[in-house]
Each structure stands twice: as C-alpha cells, then as structure tokens.
Amino acid sequence: MEFLDLFSGIGGFRRGLERSGHKCVGHVELDKYANKSYLAMYELFPCKYEEEGGKNYSLVCHKEVNEYCDGKTCKGEWFAKDIKQLRAEEIPRAEIWTFGFPCTDISLAGKRKGLAGERSGLFFTVVNLLKSTTAENRPRRLIVENVKHLLSSQRGGDFTAVLFALWEAGYDLEWQCVNSKNFGVPQNRERVYLVGHLGGIGSRKVFPLTGTNQASVKRIIDGCQGQRVYDPKGLSITLTAEGGGMGGKTGLYLCETKKPEEWMECLYEREEGKCGFLRYVGFLTQRKDKPDLTPISRCLVSKYNAGITRFGESSGVLECRACKRQCVEVRAVLTPDRKKKRQEGRRFKEEGETEFTLTGIDRHGVMLMECPYRGGIPIREATKQGYVLARHGDGINLSYPNSRLSRGRVGKQCAQTLLTEGNMGVVVYCRIRRLTPKECFRLQAFEDRLFERAKAAGVSDAQLYKQAGNAVTVNIVYEIGMRLKESEAYVDEV
C-alpha cells in the first residue's frame with residue numbers, strides 16, 4: 001500500500017513500512033535539520049524543474065528519477081514543510097497516513113498542557129485534514145504514535161479526545177502500549193500505537209503485537225569449534241556427521257554444578273548479562289556422578305584424556321570472559337615474598353606478558369589487580385539506598401547527575417528511553433561513556449548506512465541526537481506494516 005509520512009522526522013515510519021513492502025508517496029516535516037537528514041538517508045533531491053515560488057509543498061526525486069526527469073511528468077515524491085498551511089486538495093492520495101504528532105505537551109518531561117498545548121494540539125490539524133479530504137481520497141488506514149502518558153494525560157481526557165476525534169472522522173481504532181525492548185532493540189521505550197480503520201475494523205486486527213525473542217545461544221569462550229563454551233540457555237549449534245571429540249565437535253555447554261557460593265557469583269551474573277569480573281578462572285571437573293567447580297585442580301593422574309571427559313578425574317580450566325577486557329588484571333611477579341628485595345630490571349610484567357624465566361632460586365607469583373567496582377558502579381537514584389548498582393553494559397541516563405529525586409536512571413542491559421538531548425550513557429567495564437549518535441540510531445533500529453548518509457550531509461551531532469530521540473522504533477512499525485499487509489491479503493482472498 002502507498003503511505004503518507006506526516007511529522008516524518010527522520011523517517012522511522014517510512015523505514016519500517018518500506019521494509020514491510022509498502023511505498024512512500026510523500027512526507028511532511030517542518031524542522032529543516034530533520035528534513036536534511038531525511039533527504040540524505042533516503043537519497044532524495046529537490047526536483048530540478050520545481051519553481052521557486054515560496055510554496056509550502058514541492059516535489060523531491062530519487063537520483064535516477066531526477067537525472068532523467070523532463071519536468072512535464074515528474075514521478076517524484078510530494079513534500080510539504082508546514083502542516084498548518086496545507087489544504088486537503090494539495091495532499092496526494094495514499095492508503096495509509098502515519099503520524100507521530102508532537103508529544104511536547106503530553107510527555108511527563110514537558111509542561112503537561114495536553115492536547116490544549118500548541119505543539120501537541122497539531123493532532124487536531126491532522127483530524128481536520130482528514131475530515132476535509134473527499135471520501136474517495138481518504139486513507140483507509142491510520143498509524144498513530146505518541147508517548148505512553150497519552151493514556152493518562154488530563155486524567156484520560158486527552159486519550160478520549162483522540163478516540164472521539166478520529167471516530168468523528170470515520171475511523172474505528174485499536175491500540176496498544178508497546179515497548180521497543182521486545183522488538184529486537186536494547187532500549188526501554190514505551191509508546192502508544194493506534195491503528196485506525198476507515199468504516200470499521202472489517203478485517204484482521206493488528207494488535208496485540210507480542211514481539212519476538214531474538215536471543216540466540218551465547219558463546220562465552222571463543223576458539224576452534226570443539227573448544228568453544230556456550231551459555232546453557234539456548235539451542236545447540238548444528239551437529240556434524242563427525243563423531244568424537246568434545247560434544248561431537250559442537251563445543252561445550254555449561255551445566256548446573258554444585259559450587260561454593262563465592263565461585264558461583266560471577267556465573268549467575270553472567271546468565272543475566274551482568275558479569276562483574278572480566279576474567280574468571282576455576283577448575284571444572286567432570287565426574288561420573290556430578291561435575292564440580294573448585295578453586296583448586298583435582299589430583300593429576302597418569303591417565304591421559306583429551307580435554308574434559310565424563311570419565312576419570314579429568315580437570316579443565318573454566319574461563320568466564322564475559323567482557324573483552326579484564327577487570328581483574330593478572331601480572332607476573334618476581335619474588336613476591338620479598339617486597340624489599342633489590343632487583344635488577346623489572347619485577348612486574350604487564351598484563352598478558354609471559355612469565356619470568358623459571359629458575360631454581362627465584363620465586364614467582366601472580367599479582368591480581370581487582371577493580372573496586374566489580375560489583376557495580378553506584379548511580380544516584382531516589383531509592384531507599386540512595387543509589388542503584390550499574391554493571392557492564394547497563395544504560396545510564398546522564399541528565400541531572402546530582403539529582404536526589406531522579407528514578408529509573410539505570411537500564412539493566414538496555415538503554416533507557418532516548419531523549420532529544422542525547423544524554424544517554426553506557427557502563428563500559430568500570431567507566432561510563434556517552435552513547436554516540438550512531439549507537440542512538442541503532443537503538444531505533446536504523447541501519448548504519450542511513451546514519452552515515454545523514455552524517456555525511458553535514459548534520460551536527462547535537463541534531464542527530466535530537467532526531468534519534470524523536471524517532472519511532474523501526475522494528476515496531478515493521479511489525480505493524482506486516483500485519484496490515486497480511487490483513488489486505490486476507491481481504492483479497494475473501
């Protein structure tokens with residue numbers, strides 16, 4: 001189906017619907033920076049035959065269309081700047097209208113004027129355009145998006161007004177509050193999506209969207225196929241026809257074992273993606289009755305076993321490398337028991353270097369440099385303790401770092417909702433760094449090539465942060481687009 005992208009921003013609706021097989025016929029965007037990114041991302045150019053008459057709407061073309069256009073039958077897309085200046089007869093026909101109208105007056109972060117506010121009140125501008133459009137040109141579907149607080153704004157009055165206004169325009173509505181984290185992106189972003197059906201819901205419903213679990217088996221230790229270790233949660237990789245070796249050369253899978261509490265801490269955290277240690281070493285022993293993990297190796301026996309087997313007293317070393325850098329550094333030390341001994345040359349080696357040459361006189365040791373924040377970095381929040389521990393991979397809201405009233409600043413293994421200021425960070429081992437604009441685009445499920453085009457167009461990082469925060473999550477729109485496509489196919493069959 002063909003769709004019109006109102007309040008387009010950088011085209012989250014466009015990208016999602018295009019991926020699901022629909023076609024864009026035009027867009028409306030007032031912000032010149034957002035439109036600059038939009039044109040660059042989707043490789044659109046102003047029509048070279050368009051007259052400079054100060055009109056509110058014009059045509060934009062793809063490169064190949066623009067190159068061969070003769071100015072008489074231009075096949076470019078329609079574009080308008082200000083939706084408040086549009087008339088219904090100027091809008092091209094489309095089967096779907098999409099719009100995430102401004103949430104400035106509805107969001108909890110704003111002044112909460114609701115639909116009575118100047119920005120969020122633009123919703124009624126769209127409704128008036130719908131009512132003014134002739135019956136044959138009116139879109140058959142609407143896709144609307146806004147913040148979760150729309151449901152409770154003005155004690156529910158604003159959401160009732162939205163439903164009633166669109167019902168007056170001829171649309172029956174279904175809706176759902178959807179979280180982006182359930183659709184393949186690590187961002188906690190709750191938004192309300194509404195789908196309107198002209199003349200009633202006469203086909204399959206779009207909602208509920210349940211999301212899909214994209215998690216796959218996690219590789220904990222790299223190496224050749226038979227040496228790898230995988231997380232126990234998930235499916236085995238494909239079994240090969242070659243037998244023998246470690247698990248039929250498919251790698252090892254961690255199993256439940258009886259382990260001392262202090263040795264289990266890191267492994268339990270790893271299952272949740274929150275490993276505090278960067279390297280964890282224990283001795284894994286496979287026995288007939290039950291495997292075990294101990295701080296020291298089992299007794300070495302003369303019988304040779306290739307790797308870790310289920311028989312005998314074979315011992316192996318288990319390394320948990322949840323992170324690629326060590327929080328517990330291991331360095332070779334010469335004569336560790338004599339701190340004041342005079343030494344020619346180095347006494348300590350750097351992490352990763354080989355051990356000193358073993359001699360019959362010197363004593364050798366290992367220095368462990370433990371990170372003080374291995375249990376997590378305390379981030380101030382308005383909780384009973386006054387803080388929340390953030391670990392490697394957790395998202396951090398960097399706004400108002402000294403506030404004692406802020407809550408929800410830490411996202412467990414996902415980013416919190418992106419805002420236009422770009423004040424979102426991530427814990428990297430024992431440090432916090434700000435997310436890059438490209439990472440923010442990724443959190444909205446935009447491909448890297450789209451970001452690179454916007455960046456190459458000369459759009460500043462400040463604007464890119466803002467655009468990512470204002471965008472809709474592409475993956476959710478894709479799911480809605482697929483449901484609409486299936487619904488149309490069902491109607492055609494009937």
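Which residue meets the side chain of Glu-43 in a salt bridge? In this predicted model, a search of the whole structure returns 18 salt bridges, and among them is the contact in which the side chain of Glu-43 is joined to that of Arg-453, with an N to O distance of 3.8 Å. Glu-43 is located in the loop between helix 2 (32-41) and strand 3 (44-46), whereas Arg-453 belongs to helix 8 (residues 448-456), so the pair ties together parts that lie 410 residues apart in sequence. Both partners are partly exposed, the relative accessible area being 42% for Glu-43 and 25% for Arg-453.

A further salt bridge is formed between the side chains of Glu-90 and Arg-87, with an N to O distance of 3.1 Å. The two residues of this pair fall into separate accessibility classes: Glu-90 has a relative accessibility of 15% and counts as buried, because the limit for that class is under 20%, while Arg-87, with a relative accessible area of 47%, is partly exposed.

Terms used. Residues numbered from 1 in each chain as written. Predicted model: local features only at pLDDT ≥ 70, side-chain atom pairs only at ≥ 80, totals over all residues. Heavy atoms only, no water. Salt bridge = Lys/Arg side-chain N within 4 Å of Asp/Glu carboxyl O. Helix = DSSP H or I, 4+ residues; strand = E, 2+ residues; numbered from the N terminus. Buried < 20%, exposed > 50% of the residue type's maximum accessible area, 1.4 Å probe, protein only.
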